[in-house]
Protein chains: 2
Amino acid sequence: MTVQLETVSSNKSFEGTLTKYKFKSAALGGLHAQFNLFLPAIASKHKVPVLFYLAGLTCTEDNGAQKGGFLGVAATQGIALLFPDTSPRGAGIAGEDDDWDFGTGAGFYVNATHPKFSNNYNMLTHVTLELPQVIEAAGLPIDFKRQSVMGHSMGGHGALTMYLASQTKQFRSASAFAPIANPTKCPWGEKAFGGYLQGGTEEAKATYDATELIAKHKDPAHILIDYGTGDNFYKQGQLLPENFLKAARDAGYDEVQVRVRSQEDYDHSYFFISTFASDHVHFHANFLKA
Amino acid sequence: MTVQLETVSSNKSFEGTLTKYKFKSAALGGLHAQFNLFLPAIASKHKVPVLFYLAGLTCTEDNGAQKGGFLGVAATQGIALLFPDTSPRGAGIAGEDDDWDFGTGAGFYVNATHPKFSNNYNMLTHVTLELPQVIEAAGLPIDFKRQSVMGHSMGGHGALTMYLASQTKQFRSASAFAPIANPTKCPWGEKAFGGYLQGGTEEAKATYDATELIAKHKDPAHILIDYGTGDNFYKQGQLLPENFLKAARDAGYDEVQVRVRSQEDYDHSYFFISTFASDHVHFHANFLKA
């Protein structure tokens, strides 16, 4: 089956081009999905590596592209940026639009196993398999042998778990801004997994909890995490980066392999993300350009 | 009369702080006005110069702060950024919310002389006099002897006209992204001046048209303008930077004093602005830090 990629919009930025595409997503049950792809200017000459940015609760494919501050440094580094959406849109499932932290805008980067959601809420497959296939099939100049992933909040959870759980070692490195780092132990995660997964948080532990995953991880790791001490969601125990850090150290990962930085007084906003955007792109460049 | 500045929100960014303030604005007829102020970290040690950013049609005090990409370079340069709103809000004037290019979100940085608008639509006074007074009175660490101004589209018009028409030489330098550079000759300007000013475009020529002003200007000028050749509003003749450039050259200003750069394929969006944000802050730093 050939997937038709439709161009929704295109903007030149930092000598490269940010393009919004739309297509009918099989992974999301035939719904239309949108994503943004930034190609640096050098991509007109040769294929470039790609860095995924997974956004947080309530966001779309636009937030990271518009407010993250990633495009300039990615342009300089010659790295493409892929901004997926955060959930299916318009599945028409009862209740999916009732809460800001579940359903629409809150796909949690899982493949749902609960029958109510399993036809549409497959963001794991959508992001890790379908988007690369669709982009490759369209002939866009991405070298998918070189992929890394970063994300914010729910998207930080997505980035860390996709990196650690991938059997194929799809991503060379992972980073996160204020990630939900131990979701089976926080209200957001309990709600999401309780809804999307038949087995709830117990089922989630095997593949969808970064702290559980790093505890059992054996391979070398390349992980960078930033969180702010002024982040109200951190204070409320939704993020739990300290649990992830302890599990990583207990598993033998040192600061070179798993670096978790506490940033004084920064909050959960894109003003925090943009401050450290350059650090994260440079971190991934070490591995994407190796 | 003491004006109470109320803090709406505060976000740490690039080691500095972006704060949104609210106050009862006399210039806007007693309505509440909001603005964002970014203070670099060094402002905790000594007063810093300030660079105004005036946003375009439909925007608020947030667009430039969130999407402009100015904060990082302003932090490095030790320059404060002031982001005013683009119009009064909630004046309750019949028709003010009917169009996106007139009324709410479209104050055009004039002081209205038409009786229907003159009580509220005084963005020129609000931006150039009231905001500095209110900020100074609040004891915030801005050195108002060092001010420069930049803006986008309608805000580029605002920046250029405030710079060129100021009797007090309030601003040391001006820059603009895709400015409405000859508003008495374009539909947006004709509509705005026709509504806000009793004398319409004829009245506007004396103080509210950058092309008219540069033609008669005698003092040295420090002006930088960028516009994109892929900008639909440029193509439609709303911006007319070529008129401004010709008037400047005819008046004897060379490329050092008035630089107008045509940027190939860039459009009217914040993806264009953020690409050249660093250039503009560095341009103003030459004068603000002299």
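Predicted model: local features only at pLDDT ≥ 70, side-chain atom pairs only at ≥ 80, totals over all residues.
Two residues are in contact when their heavy atoms come within 4.5 Å. Leave aside the neighbours within four places in sequence. A:Ser153 is then in contact with A:Gly56, A:Phe177, A:Ala178, A:Pro179, A:Ile180, A:Trp188 and A:His268.

Where does A:Ser153 sit in chain A? It is in the loop between β6 (142-152) and α4 (154-165).

## The annotated active site

An unreviewed UniProt entry carries the annotation "active site" for A:Ser153, A:Asp231 and A:His268. These residues are spread over 116 residues of sequence, yet they cluster in space. The largest C-alpha distance among them is 10.9 Å.

A:His268 lies in another loop of chain A, between β9 (258-263) and α10 (270-288). Is A:His268 buried or exposed? Its relative accessibility is 14%, so A:His268 counts as buried. A:His268 is in contact with both other annotated residues, A:Ser153 and A:Asp231. Its contacts also include A:His152, A:Ala178, A:Phe233 and A:Leu239.

## The sheet

Chain A has an open sheet of nine strands with mixed pairing. The order is β1-β2-β3-β5-β4-β6-β7-β8-β9. Which strands of chain A stand at the edges? They are β1 (6-13) and β9. Each has a single partner strand, so one side of each is left without a neighbour in the sheet. From one strand to the next, the twist averages 20 degrees.

Look at one pair in detail. Strands β4 (residues 48-54) and β5 (residues 80-84) of chain A run parallel, joined by three bridges. A:Val50 has A:Ala80 in β5(A) as its bridge partner. Helix α4(A) packs on the sheet and touches β4, β6, β7 (174-177) and β8 (223-228) of chain A. The direction of α4(A) makes about 135 degrees with that of β6(A).

## Two chains, one axis

Turn chain A by 180 degrees, with a shift of 0.0 Å along the axis. It can then be laid on chain B with an RMSD of 0.0 Å. That is the relation of a two-fold axis. Which residue of chain A comes closest to the rotation axis? It is A:Lys67, at 2.6 Å (C-alpha).

Key:
Residues numbered from 1 in each chain as written. Chains lettered and ligands numbered in written order. Heavy atoms only, no water. UniProt positions renumbered as here; feature names shortened; annotations may be inferred. Helix = DSSP H or I, 4+ residues; strand = E, 2+ residues; numbered from the N terminus. Buried < 20%, exposed > 50% of the residue type's maximum accessible area, 1.4 Å probe, protein only. Least-squares fit on C-alpha atoms with pLDDT ≥ 70 in both. Pairing = 2+ DSSP bridges. Axes fitted to C-alpha atoms, helices over the stretch in contact; angles between N-to-C directions.
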